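Trainee: I would like to learn how to read individual features in a model like this one. Please take them one at a time.

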Amino acid sequence: MSLRIGIAASRYCPSIVRAARPHNGTSINKCTQRRSDAASPSILRFRGKSTATTTSNAPKSTTPGGGSAAAAKEAAASEASSSESVPIGTTLVAMTLAIATVSAGAAIAEKSTASMVPKFDPKQQRFDQSTFIGRLSKMLLGCDPSLLVYSGEEVKRCKAMVDDYETHLQNLPEGVSETEMSRTLWEAQRIASAALHPDTGDTIPRPFRMSGYVPYNGPICVAMVASQSTPTLLFWSWVNQSQNALINYYNRNASSEMTNATFAKSYAAAVGSALAVAFGLATLIQRRYSPAQAKNLLKWVAFPSAVVASSLNCYIVRSPEIDSGVPLVNSNGDDVLPNETSKIAAERGVNSTTLSRALLQAPVYFLPPVLMGAIPLVKNALLRNPAMRVPVTTYLLLVCFGIGLPASVAIFPQMGEIKVEDAEEKYHKLQDEKNGGKPYEVLFYNKGL
């Protein structure tokens with residue numbers, strides 16, 4: 001009779017088993033354990049990326065407190081899965097707020113300098129390009145995501161307004177000052193130049209414009225930072241470098257022709273090198289560290305792999321310019337030697353652009369994790385609510401991207417300078433006819449973005 005009671009009770013509380021023993025003094029633990037094993041189902045939980053599995057051959061605890069230990073273990077697994085799940089809605093809100101923050105920064109920069117705009121001249125610049133602040137201000141306005149909302153017709157009207165700028169300046173509407181009209185013309189030029197290539201006048205697709213970098217490439221960077229497995233990291237690295245290759249292509253110096261075959265070879269080499277770097281670093285980490293440590297370290301792989309991959313990507317895609325060269329112009333933008341190019345200037349332009357691409361990765365991949373660990377308010381908030389880690393990472397990364405991109409591009413002027421004596425010999429004895437026939441001392445070239 002006591003044997004039946006013990007077996008029945010064991011189904012509900014393992015601790016009762018120890019109190020129920022047969023008259024012959026033998027333990028019934030083994031018997032009830034086999035029945036329990038056969039009856040316990042396999043438990044599989046899904047939430048986000050996390051799974052917690054209890055197999056049918058895992059024995060139930062028959063030690064004191066075994067039930068509470070199992071419950072604690074299940075609660076810990078549930079908490080871990082909850083912290084790893086991605087709140088899609090909150091992340092999208094964070095992404096939208098980040099893009100709005102970057103656009104707001106550009107709007108502040110534009111309005112704060114509205115009263116100081118120089119008289120409009122399409123061959124000149126609104127900001128002093130001899131200083132870093134001037135170049136940064138120009139790039140902040142040029143990388144403004146709000147420029148993406150203008151339609152093709154609006155871009156064409158802005159381009160026509162810029163082309164006919166003299167008429168607008170000479171026939172000012174009543175109540176409009178020359179400064180106000182110049183500001184309007186500078187804004188029209190900003191809208192047109194954001195969508196049209198400066199060399200060809202062709203429309204650049206939105207995902208490959210400088211103004212589209214943050215809203216289109218930013219989420220890809222977030223996915224790379226959030227990757228916790230090698231296949232996921234490789235996939236997003238491929239997507240990232242594919243977009244980077246097309247951005248480099250559409251913003252190159254288009255005076256140097258590039259065939260489809262050349263671009264295909266350059267793309268394959270650039271993306272192949274990017275995947276090789278990402279795979280090599282991820283594999284090295286997974287071999288040297290435990291799974292838990294490797295999982296935490298993989299988020300840092302995006303930074304060094306992006307530095308190397310983006311640099312190689314830019315250099316390989318732009319390298320055909322070095323073979324064909326770029327034209328040199330004077331301070332007025334006139335070609336000083338028609339149908340001739342400088343390979344030396346082209347190499348300088350490609351090298352400086354490659355360096356700026358490498359420097360761009362620091363604020364994008366390195367700064368957000370550092371800020372999240374260094375600012376006590378943010379760090380404590382994430383400890384209390386781990387589910388907010390992805391939205392906070394998204395916001396910080398996109399804002400750092402929106403500031404870091406103009407800053408890295410502004411390190412070098414878009415119109416590079418080269419001393420005549422440093423260029424090819426064919427440029428050494430050229431004379432400036434508009435300046436009394438004096439020999440040129442400095443020439444300029446478009447290094448591209």
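Mentor: We start with a residue and its accessibility. Phe235 has a relative accessible area of 42%, so Phe235 is partly exposed. Keep in mind throughout that this is a predicted model.

Trainee: Which aromatic residue pairs with Phe235, and at what angle are the planes?

Mentor: The general idea is to take ring centres and ring planes together, and planes over 60 degrees apart count as edge-to-face. By this rule the structure has seven aromatic pairs. In one of them, the ring centres of Phe235 and Trp236 are 5.0 Å apart and the planes stand at 75°, so the pair is edge-to-face. Trp236 is partly exposed, because its relative accessibility is 28%. The rings of Tyr249 and Tyr250 are also edge-to-face, since their planes are at 80°, with centres 5.4 Å apart.

Trainee: Are Tyr249 and Tyr250 buried or partly exposed?

Mentor: The cut-off matters here, as buried means under 20% relative accessible area. Tyr249 has 18% and is therefore buried. Tyr250, at 27%, counts as partly exposed. Aromatic residues can also group beyond pairs: Phe120, Tyr165 and Trp186 form one aromatic cluster.

Trainee: Next, charges. How many salt bridges does a search of the whole structure find?

Mentor: Side chains of opposite charge can pair when their charged atoms come close. Here the search finds nine salt bridges. One of them joins Arg183 and Glu110, with the closest N and O atoms 2.8 Å apart. Arg183 lies in helix H9 (residues 178-195) and Glu110 in helix H5 (residues 88-112), so this pair ties together parts that are 73 residues apart in sequence. Glu110 is buried, with a relative accessible area of 5%, whereas Arg183 is partly exposed at 30%.

Trainee: How many residues apart in helix H7 are Asp163 and Lys159?

Mentor: Four, about one turn of the helix, which spans residues 152-163. Asp163 and Lys159 form a salt bridge whose closest N and O atoms are 3.0 Å apart. Asp163 is exposed, with a relative accessible area of 53%, and Lys159 is partly exposed at 35%.

Trainee: What parts does the salt bridge between Asp422 and Arg348 tie together?

Mentor: The N to O distance in that bridge is 3.7 Å. Asp422 lies in the loop between S3 and strand S4 (431-432), and Arg348 in helix H15 (residues 343-374), so the bridge ties together parts that are 74 residues apart in sequence. Both ends are partly exposed: Asp422 has 33% relative accessibility and Arg348 has 35%.

Trainee: Where does Glu441 lie relative to strand S6?

Mentor: Glu441 is in the loop between strand S5 (438-439) and strand S6 (442-446). Its relative accessibility is 66%, so Glu441 counts as exposed. Leaving out residues up to four places away in sequence, Glu441 touches Ile418, Lys419 and Val420. Glu441 and Lys419 are 22 residues apart along the chain, and their C-alpha atoms are separated by 5.9 Å.

Trainee: Which helix gives the most to the lining of the largest cavity?

Mentor: H15 does, with four residues. Helix H10 (213-226), helix H11 (230-250) and H15 each supply at least two residues of that lining. The lining residues include Tyr213, Asn217, Asn240, Asn244, Leu360, Gln361, Val364 and Tyr365. Ser310 and Phe401 are also among them.

Terms used:
Residues numbered from 1 in each chain as written. Predicted model: local features only at pLDDT ≥ 70, side-chain atom pairs only at ≥ 80, totals over all residues. Heavy atoms only, no water. Buried < 20%, exposed > 50% of the residue type's maximum accessible area, 1.4 Å probe, protein only. Contact = heavy atoms within 4.5 Å. Phe/Tyr/Trp six-rings, centres within 6.5 Å; stacked < 30°, edge-to-face > 60°. Salt bridge = Lys/Arg side-chain N within 4 Å of Asp/Glu carboxyl O. 1 Å grid on protein atoms, 1.4 Å probe; cavity = no way out; pocket = protein on both sides within 12 Å on 5 of 7 lines; lining within 4 Å.
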